[in-house]
Each structure stands twice: as structure tokens, then as C-alpha cells.
Number of protein chains: 2
Amino acid sequence: MNNIADNLSRFFEQHLPLVQQMQLRVESYDGKTLILSAPLAPNVNDKLTAFGGSLYNVAVMSCWGMAFLKTQEHSIVCNQVVTRANIVYNSPVKGTIRAICHAPEDDVVESFIQRFQQRGKARLDLKSTISCGGKTAVEFEGQYAILSG
Amino acid sequence: MNNIADNLSRFFEQHLPLVQQMQLRVESYDGKTLILSAPLAPNVNDKLTAFGGSLYNVAVMSCWGMAFLKTQEHSIVCNQVVTRANIVYNSPVKGTIRAICHAPEDDVVESFIQRFQQRGKARLDLKSTISCGGKTAVEFEGQYAILSG
């Protein structure tokens, strides 16, 4: 894992106690795909599958993490927030929660960065999925805003 | 608080470890309005306001709790899950997270219960809000399914 992904892990450790309780960790990042994962035990529900709130949290943070990594790669210092999100739960997740977020196309990232540099704020739509047993169990879409700090 | 609301508190304690870590509690229920709350400290983010994942979790569980209470009031034994949700974050929450879910009209609850009794499954749309400083900081909508257990 590269240094920028280490920055994301450190951010989680330093600033987000609930994410620590979930035992969320950065599993991999290759510049294009970010994978976050969390074990089932601290995130379990009454049916001994993953709690819907934990599934949301892993998904929302995988996209949040992608936006964080792209701003870091462009040496942008900013505040970053999620502004809206929707989630569809198709089927239960019966083990480790693993959310995958693919980076948008390069031109989308470039125009996001340019808008921020011109206006001091910009928004980016991102998607992630959580699979279990070869099926897409959870589909997530979120909108993220960056603002000059 | 009535016995049925105590059942909801017990459910959280027995089955949802992450909800315990959030220190989520049933603040009040009068048959029409359910209020869940969680203190800021375990749910804080880097800006020292409420973490977006915690805001979602309190909101999703306030509606989940309303569906739970309505099935309990009708002596229905079932499994209950959230099937989809969307959330809009309007402004930060700078203290205790308090989500308010109002019960649907009686006829909506009655037809939800009747559908379950006829088909062994039914769905219910519910909304909740989280306010801060007199403003609606978070708007949440979720769809909940009950299935014969």
C-alpha cells in the first residue's frame, strides 16, 4: 500500500472513533480501486449477518476515502463532507464486510479538482458496492463536497 | 416509557454491538413519535461534529424502531430488515444526535399489518429527521420489510 493510503488509515485512527470500533481498515488501494473492510463480529446484527448501519458506514467511507485520496494526490488541502447518499440492500452479508470503490474516469477527477481550484468548492458523485457469495449485496451512491479549509 | 419501548432498548442491547458503541438509546416513545439519541463523543468526526455514518445509523434505527414497535403493538413475530434508504445532510450536528420518527397514519400501519397477515411479508416507507440549532440538519427516508420468521 502506498503512503497516500497510509494517510487515509491514519485519518480514520485519529479522527473517527466509531470507525475504530467497527475495526474498519484500508485493505488496498492501487490508484484506481479502494477496498475497505471490516470484520463481522463488531458489526453483527440479530440475524448474525452484517448490521445495515455498518454496511452503510463501510460503503460511505470507501467513497469518502476515494475522494480523500484523489485530493491528496493533487496536493489539495480541504474539508470534505458527504452531502447525500442512497443505499440499496439486495441480500445479507454473512462475513467480512468489504466495500469496493472504483475511481471515476481521469477527466471527471480532473474537472472536480479544477472546479475546486477555481471556486474553492466542488462536488463529486461516487459509487461503491459490497459483495457476498458472488452477489452484489449492497449498492451505494454518495455525493461528496470539498471546501477550502 | 412503555413496555414496548423497553423491548426496543433490550433488542439494541442484546443484538447490535455497534449501536452499543454509539451509546444509542431510546429517549421517548408515545405511540406516535419515537426519539432515539446518541451522545457526540463516541460519534464525533474530524470537525468535532457528528460523523455522517453515525447520523445515518441513528436515523435508520429510529425508523427501524418505529416498524419494530408497530409490529410489537400488533403482536406480530417477524424478521425485519431495511431494504433501501436515502439521506440528505443539510448542515452539521454539533451536539447530541437526536432522530425523530413520526408514525405513519393509522390506515397506513393497518394496511402494512394486513398485507403481512395475508402474504407473510410487507413493506413500509418511513422518514426521520435530525435537527440541530432549530434547523433540519439531516433528512432520512427508508424502506423496511417484514418477513414471517
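Let's start inside chain B: strand β3 (residues 78–89) and strand β6 (residues 135–148) of chain B pair in the antiparallel sense over 11 bridges. Pairing here asks for at least two bridges found by DSSP, and strands (E, at least two residues) and helices (H or I, at least four) are DSSP runs numbered from the N terminus. Within this pair, R84(B) has Q143(B) of β6(B) as its bridge partner.

The model is predicted, so to speak of local features pLDDT of at least 70 is needed, side-chain atom pairs count only at pLDDT 80 or more, and totals for chains, interfaces and linings use all residues. Residues are numbered from 1 along each chain as its sequence is written, while chains are lettered from A and ligands numbered from 1 in the order in which they are written.

Both strands belong to an open, antiparallel sheet of 12 strands, in the order β1(A)-β2(A)-β4(A)-β5(A)-β6(A)-β3(A)-β3(B)-β6(B)-β5(B)-β4(B)-β2(B)-β1(B). β1 (25–29) of chain A and β1 (25–29) of chain B are the edges; each has a single partner strand, so one side of each lacks a neighbour in the sheet.

Helix α4 (residues 106–119) of chain A packs on this sheet. The strands of chain A that it touches (C-beta atoms, placed from the backbone, within 7 Å) are these:

| Strand | Residues |
|---|---|
| β3(A) | 78–89 |
| β5(A) | 121–132 |
| β6(A) | 135–148 |

The direction of α4 makes about 150° with that of β5(A), using lines fitted to C-alpha atoms, for helices over the stretch in contact, and angles from 0 to 180 degrees between N-to-C directions.

How are the chains related? A rotation of 180° with 0.0 Å of shift along its axis superposes chain A on chain B (RMSD 0.0 Å), by least squares on C-alpha atoms of residues with pLDDT of at least 70 in both. The two copies are thus related as by a two-fold rotation axis.

How values were computed. Contact = placed C-beta atoms within 7 Å.
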